[in-house]
Amino acid sequence: MQNLQKQPGRPERMPEQEQQKRNFAKEDIVRRIQKEYTSGKQFKANLDLYEICKQNENFYIGKHWEGLKTSTVKPMTFNFIRRIIGTAQALVVSDDIGFQITPYLSTEEHDAQGEIIEESLRALIERQKIKSLNRESLHDCAVFGDSAMYFWFDADLETGQEMKGDIRAEVLMNTNIIFGNPYSREVQGQPYIILVRRRPLDVVKQEAQRNGVPNWEDIQPECEYDYMGEDKDQSGNLVTELTRFWKVKDENGKENVHFMTICGEVITKPDTETEMSLYPLAYWSWIDRKNCMHGISPMTEVIPTQIAINQMMTYIHTFNRNLAFPKFVYDVKKFPNGWDSTPGKPIAVSGEVNQVYANVFGGITLPAGIVEIVQMMREMMQDCMGASDASLGNVKPDNTSAIIAAQKATSAPLELQKRKFEQFNEDCIRIMVDMMCAFYGLRYVVTEQEQTDPITGAAVRQKVISGMDFGQLQIGQLDINVDIGAASYWSELMQTTTLDNLYAKQIVTDPELFIESIPAVQMPNKSEILRAVAEQKQQAMQQAAQQMQMQPMPQQAPQQRRNQ
């Protein structure tokens, strides 16, 4: 072993000094992250974001009279906002996510790799219920103004293959995300991103102990009343976990994502380098705000109108209860035993019977203009939020053309939100592919490939098991195209009906092409049916060829035989 000599003029560093230096470095990192976290919270507080999110959530779930204490007035709640927001979500949301992965070097081998990645993505979207998370993200974006999808790799998740671990996803609120540059909404251009997660103390301590954190017992619970639902928590058993992401360029100029996690003053996950080139976060806003990472919710501006409608309806209800119904008035001196309205029962009176006085006083009619004002307020609020009568189901179209025209007119105000939602889904797909290249390694995937049937000789698509090392790929080597389809209830049915008409009129004559054009949702066993149709087609062609060979040659005429 080579002897290490001490350099002249430099004192020998003791292990205790080295340990102290490391401790100081850790404290500096923790203080820096806590300072960035405090600065990010202050930016959100200046926008009044925490209070706006709580208010919007209360009005969405119907808590319009939060904090009101009264016994004389019964407040009325007519939640027009929730119906309008739900309609807007239904017009924007789409479960039809189509994507195409194509390597820039188009060869047979690279095309097969693209198919393997596509099939892996479909399986991942189904396992992690990405479509359901998309609907949750859409709700958050409409109610709170922004939403985000966070992806991370769970190394302990069983996959049934040699390589354990898989990608997981979670929807985060805009209050739980801090950008290094809060004046820009561009995710991948941020100097750093901090994700805030409120987690149970016992779970965090167990994970820290399992990861070998020496001071895991120093993790203490923290109260954070700024976050949704925290004001109702009285247990004090939650801790704030901060995960900081940043990018570092290597010698070749490639950016790699680093991350670390802290809880209070304890580093639960030290600086960890990944092979990812993209931040594992997709972010979008409902209405963009200039020079700000946070968008604007359509609910915020119409909450005063909703309050005015509730107040007016409460006044109308109170008026009708107190004044609208007629009252029976009688002289108590003449009826000392009170008035009994039981049919057929005699009433005892005092004095002369013919001098008994009782009368009915009619109620006061509510002015019709008050109801018209409430109706006008509701319609104007509905129009300002982009929800027409057709989208709310208040119009009954007479035919299919009217349905299409009504849908196009209804969805026009939300086209911008649709495009943002499509871009959000494209960002999610790119992040998942980037994480596959970074963490998956060697995986085996079931794909459909064209092969020659040994019996018929026809080219059919069969399911085969293909293996690929995802670590050999990079996100920059792939061309990713994502298409988001419409989620209309009649779109797939209309497509199938159109195909039926084309086939019935013999415009489309090939049965194989007809079945390939039918949506997979309408035909679950589509691949097997295609194979059977291809076999029948090949057998029909072989039988026709055999019949042509078995037919006798036509006899020649006598003049032709003499000429020969």
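The model is predicted, with local features requiring pLDDT of at least 70 and side-chain atom pairs counting only at pLDDT 80 or more, while totals for chains, interfaces and linings use all residues. Residues are numbered from 1 along each chain as its sequence is written, and side-chain values use heavy atoms, leaving out hydrogens and water.

Three strands form an open sheet in the order 3-2-9, with antiparallel pairing. Here strands (E, at least two residues) and helices (H or I, at least four residues) are DSSP runs numbered from the N terminus, and two strands pair if DSSP finds at least two bridges between them. Strand 3 (166-172) and strand 9 (281-285) are the edge strands, each pairing on one side only. Strand 2 (residues 146-154) is joined to strand 3 by seven bridges; Met149, for instance, has Val171 in strand 3 as its bridge partner.

Turning to the helices, helix 5 (residues 130-144) lies across strand 2, strand 3 and strand 9, and runs at about 145 degrees to strand 2. Helix 10 (residues 415-439) also lies across strand 2, strand 3 and strand 9, at about 175 degrees to strand 9. Such angles run from 0 to 180 degrees between N-to-C directions, with axes fitted to C-alpha atoms, for helices over the stretch in contact (heavy atoms within 4.5 Å).

How enclosed is helix 5 by the rest of the structure? Helix 5 is largely enclosed, because eleven of its 15 residues are buried (under 20% relative accessible area, with a 1.4 Å probe and protein chains only). Among them are Leu133, His139 and Phe144. Gly145, with a positive phi near 100 degrees, follows helix 5.

Conventions
Buried means under 20% relative accessible area, exposed over 50%, partly exposed in between (1.4 Å probe, protein chains only).
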